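Please look over the structure shown here and consider on what grounds its parts are described as they are.

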Amino acid sequence: MRIIDIYSIKGGVGKTASSVNLAGELAALGKRVLLADLDPLGASILGLTPAKLRAAKPQPAEPGSLAKSVVLSPVPNLSTLFLGSIAAERPPEESALDSLASEFKELAGQYDVTVLDSPPAGGPWVRWGMRVSHSVAAIVQSEPLAFRILPKLLDQIREARGENITPYVEGLLLTMVGSSNDLTSRIAAYAQKRYPKAVFRTTIPRDPVIPEANYSGLIASAQNEASPASVAYREWAREVIDRWARTDKLVLGSQDA
Ligand SMILES: Nc1ncnc2c1ncn2[C@@H]1O[C@H](COP(=O)(O)OP(=O)(O)OP(=O)(O)O)[C@@H](O)[C@H]1O
Ligand SMILES: [Mg+2]
């Protein structure tokens, strides 16, 4: 059992696209997957709902009966849980966060992998997501400012997890990479050279299949399996699984950034 938190400080960098497609590709590889959505709008759950059916809101999760709040998605092996509904409704109290964490971890125990789609920018729910997870995969848009925020991101992870939990970082996923030798692809190449252990080999290209798949309520592979972002998300899912077997887990500090 594994809980992986998908996070970035910055908004709009591809967290939701990466959560949905990682969850979908892991499910396609035969893993039993739970996609838990911490976004108040349920962005990743809506991403698995065709646009014409989105008037019906995702089923809100109820603390105390989380297992009953799980919804089977149209993707085989993939279920969803709308945790953002709780986050949107009530200001969190420490005791409520703790009991939700225990219940959530127990539920996650019924799956091979739980992917947690976080909202951006920090806050109590983002910290909660980091604490309940085994590791955080940081989504980094390939653009000139990307690495300025990296030390802050690593500090946030360490702070959220406190003294008792090792601040594992699954890796850094570079997104929105251009197809030619433009600035974004040069930045991605630099990042892989500079942080060879931390940055995933796979990078995610900027590709219209992502918004198209979102509109259709599909993962990218189901929209067009040959498109560059579909191929990349399939490769990334395999790379994520390979990293789990690694014994030298990444523990990054801001000195590494
Ligand atoms: N690889 C990509 N190629 C093209 N468009 C993309 C790609 N990844 C994401 N997008 C688009 O960029 C926008 C932001 O993506 P997404 O919602 O996944 O980001 P996010 O980090 O989850 O945002 P938020 O911080 O609001 O939760 C969406 O319109 C999405 O369709
Ligand atoms: Mg999002």
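The questions and answers below concern a predicted model.

Q: What makes strand E2 (residues 33–37) largely enclosed by the rest of the structure?
A: A residue is buried if 20 or more other C-beta atoms lie within 10 Å of its own, and 5 of the 5 residues of E2 are buried, so the strand is largely enclosed by the rest of the structure. Val-33, Leu-35 and Asp-37 point one way and Leu-34 and Ala-36 the other way, and all are buried.

Q: How do you know that E2 and strand E4 (residues 78–82) pair, and in what sense?
A: Two strands pair if DSSP finds at least two bridges between them, and E2 and E4 are joined in the parallel sense over 5 bridges; therefore they count as paired.

Q: What joins E2 to E5?
A: These two strands run parallel and are joined by 5 bridges, and with at least two bridges required, they therefore count as paired. Val-33 stands opposite Val-113 in E5.

Q: Which residues of helix H5 (residues 124–132) are buried, and what do they pack against?
A: Trp-125, Val-126, Trp-128, Gly-129, Met-130 and Val-132 are buried. The buried residues of H5 pack against several elements, among them strand E1 (2–7), helix H4 (94–108) and helix H6 (150–161).

Q: Which residues come nearest to ligand 1?
A: Of the 21 residues around ligand 1, those that come nearest are Gly-11, Gly-14, Lys-15, Thr-16 and Ala-17. Helix H1 (15–28) and helix H8 (209–216) are the elements that give two or more residues to this shell, which divides into 10 nonpolar, 7 polar and 4 charged residues.

How values were computed
Residues numbered from 1 in each chain as written. Chains lettered and ligands numbered in written order. Predicted model: local features only at pLDDT ≥ 70, side-chain atom pairs only at ≥ 80, totals over all residues. Near = placed C-beta within 6 Å. Helix = DSSP H or I, 4+ residues; strand = E, 2+ residues; numbered from the N terminus. Nonpolar A, V, L, I, M, F, W, Y, C, P; charged D, E, K, R; others polar. Buried ≥ 20, exposed ≤ 12 C-beta atoms within 10 Å, placed from the backbone. Contact = placed C-beta atoms within 7 Å.
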